[in-house]
Amino acid sequence: MQPRFQAAFAALPSPLQAALQPLLTDTFPAFFTPEQMAAIRTETGLDNRELTFALLPLAAACAVAPLSRFNVGALALGRSGHLYFGANMEFSGATMQQTVHAEQSAVSHAWLRGEKGLEAITVNYTPCGHCRQFMNELNSGTALRIHLPGREPATLGDYLPDAFGPRDLAIETLLLDEVDHGLTITGDALVRAALEAANRSHAPYSQALSGVALQMADGAIFAGSYAENAAFNPSLPPLQAALILLNLAGYDVLQIQRAVLAEAPDARLIQRQATAATLQALGCATLQTVPLR
């Protein structure tokens with residue numbers, strides 16, 4: 001078991017510990033498959049909602065919060081039945097704007113794993129306005145169920161009444177919809193990963209596709225795609241998307257060896273400066289930029 005889970009795991013009820021013990025290995029990918037979820041429910045007698053509440057401390061244990069020391073965990077239930085972990089992330093030496101919220105983490109985790117739609121988000125604290133707006137970009141829209149401890153089930157529409165989002169701007173391809181922008185994918189493994197990430201960007205407002213790929217010392221590669229938002233500010237940069245996967249896989253954000261950013265040099269939005277500044281704060285000075293074709 002990864003050390004970060006040990007304290008939270010020890011506080012779980014014994015039946016849940018017994019069900020989770022074989023799954024929380026050192027290589028636990030921070031999600032459960034539908035089959036694993038069914039087995040856990042059978043062993044514990046918990047339904048999906050009860051189970052996700054019980055698992056929140058494990059998700060919060062994935063937080064990287066050197067600034068606030070305030071861990072937030074989130075769990076995204078996909079239409080496929082997969083349950084994806086998410087947690088907030090902060091970066092010392094970078095600006096506050098580079099912070100990742102737990103809901104963004106869980107949503108992006110699901111998206112980058114290939115999930116096509118979400119049924120519900122469970123969070124241990126009330127989603128802030130930033131996250132409510134971010135989730136409104138999803139193809140599930142305001143029907144997305146929001147579960148909070150001690151509260152009755154509600155929808156995103158209940159938490160974001162009179163919402164403004166992509167549908168108001170006649171955007172037809174929404175976040176988590178499958179896309180292929182037709183980019184040419186060439187180069188070494190890290191460059192290809194960045195290009196493939198850019199190829200699935202959600203950037204309907206600026207058309208500024210971008211992707212980032214990060215390589216660790218053991219050769220592991222984590223790639224993130226740009227996720228744009230109708231309100232602009234809640235947009236998630238591709239570096240943060242890659243860092244979400246890196247963190248949830250149990251890697252240290254301070255151990256990145258090499259990074260590649262794929263974007264058009266004449267795009268209406270440029271990620272390079274913010275990407276380089278955040279990577280520098282994380283101790284990575286090797287950033288290669290690859291133009292899109």
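**Cysteines.** I began with the disulfides, and the count came to zero. This is a predicted model, and I kept that in mind for each entry below. I looked at Cys-62 to see why: its sulfur is 16 Å from the closest cysteine sulfur, which belongs to Cys-131, and that is too far for a bond. Cys-62 itself is buried, at 1% relative accessibility. I then turned to Cys-131, which is likewise in no disulfide; the nearest cysteine sulfur to that of Cys-131 is in Cys-128, 3.8 Å away, whereas a disulfide would need the two sulfur atoms within 2.5 Å. Cys-131 is buried, with a relative accessible area of 1%.

**Salt bridges.** How many salt bridges does the model hold? I found that the count comes to two. In one of them the side chains of Glu-119 and Arg-145 meet, with an N to O distance of 3.8 Å. Glu-119 lies in strand S4 (residues 118–123) and Arg-145 in strand S5 (residues 145–147), so this pair ties together parts that are 26 residues apart in sequence. I checked the exposure of both partners and noted that Glu-119 is partly exposed, with a relative accessible area of 33%, and that Arg-145 is partly exposed as well, with 34%.

The other salt bridge joins Arg-258 to Asp-188, and I read 3.0 Å between their closest N and O atoms. Arg-258 sits in strand S9 (residues 256–263), while Asp-188 belongs to the loop between helix H7 (156–159) and helix H8 (189–199), so the pair ties together parts that are 70 residues apart in sequence. Here, too, I looked up the accessibilities: Arg-258 counts as partly exposed at 21%, and Asp-188 counts as partly exposed at 37%.

**Helix H8.** Asp-188 came up again at the start of H8, where one of its side-chain oxygens reaches to within 3.1 Å of the backbone nitrogen of Leu-190. Is H8 mostly covered or mostly open? I noted that H8 is mostly covered, since eight of its 11 residues are buried. Among the buried residues of H8 are Leu-190, Val-191, Leu-195 and Asn-199, along with several alanines that include Ala-193 and Ala-197. I followed what the buried residues of H8 pack against, and wrote down S7, S8, S9 and strand S10 (287–290).

**Helix H9.** I went on to helix H9 (residues 238–248), which is mostly covered, with 11 of its 11 residues buried. The buried residues run from Pro-238 to Leu-248 and include Gln-240 and Asn-247 as well as Leu-239, Leu-243 and Ile-244. Which elements do the buried residues of H9 pack against? I listed strand S3 (83–87), helix H5 (102–112), strand S7 (210–216), strand S8 (221–225), S9 and helix H10 (272–281). Just after H9 I stopped at Gly-250, which takes a positive phi of about 95°.

**Ser-140.** Last, I looked up Ser-140, whose place is in the loop between helix H6 (129–135) and S5. Setting aside the neighbours within four places in sequence, I found Ser-140 in contact with Arg-79, Leu-118 and Arg-167.

Key. Residues numbered from 1 in each chain as written. Predicted model: local features only at pLDDT ≥ 70, side-chain atom pairs only at ≥ 80, totals over all residues. Heavy atoms only, no water. Salt bridge = Lys/Arg side-chain N within 4 Å of Asp/Glu carboxyl O. Helix = DSSP H or I, 4+ residues; strand = E, 2+ residues; numbered from the N terminus. Buried < 20%, exposed > 50% of the residue type's maximum accessible area, 1.4 Å probe, protein only. Contact = heavy atoms within 4.5 Å. Polar contact = N/O pair within 3.5 Å; in protein donor to acceptor, adjacent residues only side chain to side chain.
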